[in-house]
Every structure is written in C-alpha cells, then in structure tokens.
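Student: I'm new to this structure and would like a close look at one part of it. Could you pick out the salt bridges and walk me through what surrounds them?

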Amino acid sequence: MNSDWRTASREPVGLAPDPAAHPEAVIQGYAARTVGWRGVFGVHSWVAVKPARAGDYTVYEVIGWKLRWDDTAVSIRSREPDGRWFGNEPELLADKRGAAAEALISRIDKAAKSYPYAQEYSAWPGPNSNTFTAWITRAVPELRVDLPPTAIGKDYLGSSVIASAPSGSGIQLSVVGVLGVTASTVEGLELNLLGLTFGLDPWPPAIKLPLLGRLGAT
C-alpha cells in the first residue's frame with residue numbers, strides 16, 4: 001500500500017475494455033484496498049458503466065471525504081473504471097456486456113440516485129462505499145456480485161434487520177452491520193461478527209476470512 005495518498009497511482013490496470021475498441025455496453029464492479037492503515041482491514045468498492053457506443057465510463061461510488069464540501073457522499077463521474085485506488089490494484093467483481101448490460105444501466109443509475117445514506121458516512125460499521133455498492137447490487141441482482149469479506153459495511157441495513165443478501169439473492173439478517181448472517185446462492189453462508197465476515201462458499205469452493213478475503217477457487 002502506498003503510504004502517501006497524494007502521490008499514489010490512480011492509473012488503470014487493464015481490466016476495463018477500451019471504449020474505442022469495444023462499442024457494446026459494459027458494466028463492471030470493482031473493489032480495492034482502501035487508503036492507509038484501513039486497507040489492512042477493508043476495501044473500497046464501486047460500479048462502472050458504459051452504454052453502447054459511449055466514449056467513456058461513468059463510475060458510481062461513495063467517497064466519505066466528499067461530505068467536507070458537499071451535501072452528498074455519492075459520486076457519479078467519468079473516470080477510469082479500473083484505476084488504482086490510491087496505489088492499490090482493483091479486483092474485478094463483475095463484468096457484464098452487450099444487450100444484457102445495456103438493459104441494466106438505467107436501473108443502476110436509479111438505485112445510485114435513491115441511495116438513502118447519501119448524507120452519512122462511517123468507515124465502520126457503515127454506511128460507507130460498500131454499503132452503497134451493496135445497495136446497487138441488491139437493486140440489480142442480475143449482476144450477481146459477491147462482495148468480498150473485506151467489504152466492511154456491505155451488511156449495514158440501517159434501522160432494518162432483514163433484507164436480501166448484498167448480491168440481491170437469498171436472505172440476510174443484520175443488526176446495524178455488526179452482527180448478522182447471510183445465506184444465498186451467490187455469497188454462500190456468511191457470519192458477520194463486529195463487521196468482520198467469516199464464510200463458506202460451496203461453489204466455487206472457498207472460505208472467507210477477515211483481512212485475508214476469499215481463499216479458494218475463483
């Protein structure tokens with residue numbers, strides 16, 4: 001991890017198709033270790049979309065420090081979808097293309113703009129960037145995103161205690177993101193203790209651990 005965020009790389013890593021060479025619609029989900037010491041524990045996640053024949057990508061994410069000068073932490077802007085997050089290389093979580101992707105882009109935009117915690121941010125236990133990404137993926141289950149166990153905040157449900165899993169499938173019980181259980185065909189079985197995720201995914205087989213993330217088949 002880069003120790004100085006001011007000089008850390010934001011360069012793309014080659015996971016996103018070039019719009020000039022790929023005119024079809026594209027939706028991608030990413031996560032990368034967050035800035036500074038918090039990156040030992042968790043990741044920052046985001047969703048990127050490119051409509052058919054568009055010349056660039058729109059990235060949807062929550063940036064906590066944006067609240068210092070704005071009334072919303074939600075950021076919707078054009079940027080490199082696979083850019084390093086202040087030096088940390090992103091992991092590709094979802095990649096959907098063509099007509100199937102095109103049909104989902106408007107739903108992603110609608111979900112992002114209806115995010116209920118836009119004026120709040122808390123690195124632990126949420127709401128944070130992973131709460132926002134989970135809000136979108138619940139609204140668009142066709143993406144089948146399995147947020148990593150290091151995505152602290154993905155289980156934050158506010159005052160609710162029951163919802164679909166962050167992937168939009170299955171079921172989740174969660175008490176303000178610090179105690180809960182999730183079961184779905186996408187995430188497998190997960191247990192949340194103090195915001196830390198422990199889990200088993202039967203297929204592809206893997207275990208999920210705090211700090212380390214997903215260990216096993218991909």
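Tutor: Here is a tour that starts with the salt bridges and then moves to the strands and the helix around them.

A word on the ground rules: this is a predicted model, where local features need pLDDT of at least 70 and side-chain atom pairs count only at pLDDT 80 or more, while totals for chains, interfaces and linings use all residues. Residues are numbered from 1 along each chain as its sequence is written, and side-chain values use heavy atoms, with hydrogens and water left out.

A search of the whole structure turns up 13 salt bridges. The term means a side-chain nitrogen of Lys or Arg within 4 Å of a carboxyl oxygen of Asp or Glu. Let's begin with E61, whose side chain meets that of R77 in a salt bridge at 3.1 Å, N to O. E61 sits in strand β3 and R77 in strand β4, so this pair ties together parts that are 16 residues apart in sequence. Strands here are DSSP runs (E, at least two residues), helices are DSSP runs too (H or I, at least four), and both are numbered from the N terminus.

How covered up are the two partners? E61 is buried, with a relative accessible area of 0%, whereas R77 is partly exposed at 34%. For the cut-offs, buried means under 20% relative accessible area, exposed means over 50%, and partly exposed is in between (1.4 Å probe, protein chains only).

E61 also forms a salt bridge with R79, at 3.0 Å from N to O. This pair links distant parts of the chain, with R79 in the loop between β4 and β5 and E61 in strand β3, 18 residues apart. Both R79 and E61 are buried.

Now for D146, which makes a salt bridge with R214; their closest N and O atoms are 3.4 Å apart. Again the pair links distant parts of the chain: D146 is in the loop between α2 and β6, R214 is in strand β12, and 68 residues separate them. D146 counts as buried at 18% relative accessibility, while R214 is partly exposed at 28%. The two belong to a network of salt bridges that also links K154, D155, E190, D201 and K208.

N192 lies in strand β9 and is buried, with a relative accessible area of 3%. Leaving out residues up to four places away in sequence, N192 touches D155, G177, V178, L179 and G180, where contact means heavy atoms within 4.5 Å.

Strand β9 (residues 188-193) pairs with β10 (residues 196-201) in the antiparallel sense over five bridges; two strands pair if DSSP finds at least two bridges between them. L189 has L200 in β10 as its bridge partner. These strands are part of an open, antiparallel sheet of seven, in the order β6-β7-β8-β9-β10-β11-β12. Its edge strands, β6 (162-163) and β12 (213-216), each pair on one side only.

Among the elements that the buried residues of helix α1 pack against are β3 (58-62) and β4 (74-78). Those buried residues are A101, L104, I105, I108, A111 and A112.
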